[in-house]
Amino acid sequence: MGRLLMFFLLSAFIVDTYQEYLNRGNMGLTAITEDIVTPTVTSLLVSDNLIAKIDWIPLMDSLKTLTLDRNLLTEFPNLVNVSQTLSTLFVNQNKISYIAKERLSCLSALTMLAIGHNKLT
C-alpha cells in the first residue's frame, strides 16, 4: 500500500511541475500564430524574428513567460489572450516607442517586465 501511495504522490508532483518550453527564435516569423504554438506551452521564446506588431496572440492558458527580444516591435503588444497567466515578459531590443495603457493594465499576472533598449522617452 505504501509504494502505491508514493507512486501517486510522485506522479501528481511531476504533473504539477511539468513545463512546456517552445523555442521559435530566429525563424523569420512575422506573427505568432496558432500553428507555431501549443495551448499548453508555459514558456515561449520568439526572439530574433521579424515581428513588427502584435494585435492578436493565440490563447495559451498556461503561458507564464514570453520572450520577444530583438524583433521589430514598434508598439507594446496586445497580449489580452494570455493576460491572466503571463507573469514574465521580455521585449528588449525592439523599436517600441509607445505603450497603450490598456495593453499593460490588462496583464494582471505580470510581475516582471524587461523592456530595455527600445525607443521609449
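Here is a short chat about this predicted protein model.

User: Hey, how many helices and strands does the protein have?
Analyst: The protein has 2 helices and 5 strands. Bear in mind that the model is predicted.

User: And what pattern do they follow along the sequence?
Analyst: Reading along the sequence, you get α-β-β-β-β-α-β.

User: OK, let's zoom in. Where does isoleucine 36 lie?
Analyst: Isoleucine 36 is in the loop between strand 1 (21-23) and strand 2 (43-45).

User: Is that residue, isoleucine 36, buried or exposed?
Analyst: Isoleucine 36 has a relative accessible area of 12%. Buried means under 20%, so isoleucine 36 counts as buried.

User: Which residues is isoleucine 36 in contact with, leaving aside its neighbours within four places in sequence?
Analyst: With those neighbours left out, isoleucine 36 contacts Leu22, Arg24, Leu29 and Ala31.

User: What separates the C-alpha atoms of isoleucine 36 and asparagine 23?
Analyst: Those C-alpha atoms are 9.8 Å apart, and the two residues sit 13 residues apart along the chain.

User: New topic: which residues in the largest nonpolar core touch the most other members?
Analyst: That would be Ile32, Leu44, Leu66 and Leu68, out of 24 residues in that core.

User: What is isoleucine 32 in contact with, again skipping neighbours within four places in sequence?
Analyst: Isoleucine 32 has contacts including Val37, Trp56 and Pro58. Leu44 and Leu68 are also among them.

User: Last one: how much of the whole protein is buried?
Analyst: Buried residues are 38% of the 121 residues. As for the accessible surface, it comes to about 7400 Å², with 60% belonging to carbon and sulfur atoms.

Technical notes:
Residues numbered from 1 in each chain as written. Predicted model: local features only at pLDDT ≥ 70, side-chain atom pairs only at ≥ 80, totals over all residues. Heavy atoms only, no water. Helix = DSSP H or I, 4+ residues; strand = E, 2+ residues; numbered from the N terminus. Buried < 20%, exposed > 50% of the residue type's maximum accessible area, 1.4 Å probe, protein only. Areas by Shrake-Rupley, 256 points an atom, 1.4 Å probe, with all protein chains shown as cover. Contact = heavy atoms within 4.5 Å. Core = buried A, V, L, I, M, F, W, Y, C linked by side-chain atoms within 4.5 Å.
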